[in-house]
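The sequence and structure come first.

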Amino acid sequence: MHQLTSIAFPGRRGRAGLLALMMAGGAPAAMADAPFTARGLWHEAIGEGYAELEHDARRLAEQAADYCHAPSPEGHASLESLWRDAYQAWQAVRFVNFGPIEQQSRGWQLQFWPDRKNLVGQKASIWLKADTPPDESSIADDSVAIQGFPALEYLLFDDRMNSPDALAAPQACGLFSAITRHLETTTHQLHDDWQAFGDHYRETDTYTQATLEAGLQALETMETRRLAAPLGLSGKPANAYLAEAWRSRQSVLLIGASLAGLEQAYLPGLRSLLHQADQEGLYDDFAARLHRAQASVDDIEGDDIEGGIAHALEDPAAFSTLQGLYIDVSQLNWMGREIASALGIARGFNATDGD
């Protein structure tokens, strides 16, 4: 029977722990079943990430219910904080684009983006004008544009909701609470289904390449869509509205959470495969570059650039800082192609970018 090393998922606040453990403790012992071992490590770490997402979504739903019962400025601030926590937990496992996340378009339910036609705003406006608040089933039956984190962001941060009492209104608060309950249900089912998916995932060879490609595609999307497009680094004019979470100005925070998630949930299996392929140096370089990119995000957040994108388009110094992050991610993307080549992966079409 295969014996797998159990990895405790350290969460957003403890990403250095796993990275240090892997670097200090060494890669898994070289063995003929390295792909199986890699899939076992990935399944464990991704499962821990889904568990954290479920936990944070549940806390957000509970706080939403409390706030709607007794609105207060402190309660609103708590909603914002818990929304950020849950959104970051989603970013940490967002790179996974196969398996249970594909069912019922769950990825789109959690995050409808890109949203070039402002469908999130349109859907939220329709519900805000309705006679009665929706329940969870009404949200589940509606468009993905009203089901996830961007819809909650609209209700927390859009200019239309800038009045202290805007979210406290029964229609708005009922809408917010229904979305959070749907989010809680979706993440709970996602976590359960990932656990049930475990044997099939570990025993199916094609999921080795699927997981490798998922992480590399996440870096490609981060470079081209999450940074280059809104910053105007892709040959088209800059447009802050192309950034994720532009209403809350949390775009860089979310990128940092995605990078931390790759450290936590992607590197363990990758190290096993590159060790087996005698490519420890390539792994070390990739892991160090990934850590450096995350440090760049931490520096940006420390400088209080407030999410970065919109402000950076008006401030040359801030723009230069974000260009540095873009370069870090671009180099990671380039190294990803080196990894694909070393492991004999033919990169395919990225079908996860949206329209």
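Buried means under 20% relative accessible area, exposed means over 50%, and partly exposed lies in between (1.4 Å probe, protein chains only). The model is predicted: local features need pLDDT of at least 70, side-chain atom pairs count only at pLDDT 80 or more, and totals for chains, interfaces and linings use all residues. Residues are numbered from 1 along each chain as its sequence is written, and side-chain values use heavy atoms, with hydrogens and water left out.

**Aromatic pairs**

Rings of Phe, Tyr and Trp (its six-membered ring) pair if their centres lie within 6.5 Å. Planes under 30 degrees apart count as stacked, over 60 as edge-to-face, and the rest as tilted. Searching the whole structure gives 16 aromatic pairs. Two of them are described here, starting with W42 and Y266, a stacked pair. Their centres are 6.2 Å apart, with 15 degrees between the planes.

Helices (H or I, at least four residues) and strands (E, at least two) are DSSP runs, numbered from the N terminus. W42 belongs to helix α2 (residues 34–69) and Y266 to helix α11 (residues 251–276), so this contact ties together parts 224 residues apart in sequence. Both W42 and Y266 are buried.

F98 and Y207 make a tilted pair. The distance is 5.7 Å centre to centre, and the planes are 35 degrees apart. F98 sits in the loop between α3 (73–93) and α4 (106–110), while Y207 is in helix α10 (residues 206–231), so the pair links parts 109 residues apart in sequence. F98 counts as buried because its relative accessibility is 5%. Y207 is buried too, at a relative accessible area of 16%.

F98 and Y207 also belong to one aromatic cluster, together with Y50, W194, F197 and Y201.

**Backbone geometry**

Most residues other than glycine have a negative phi, and most peptide bonds are trans. Where does a cis peptide bond occur? The bond joins W113 and P114, with omega about 5 degrees. P114 is in the loop between α4 and α5 (119–128).

| Residue | Phi | Place | Relative accessibility |
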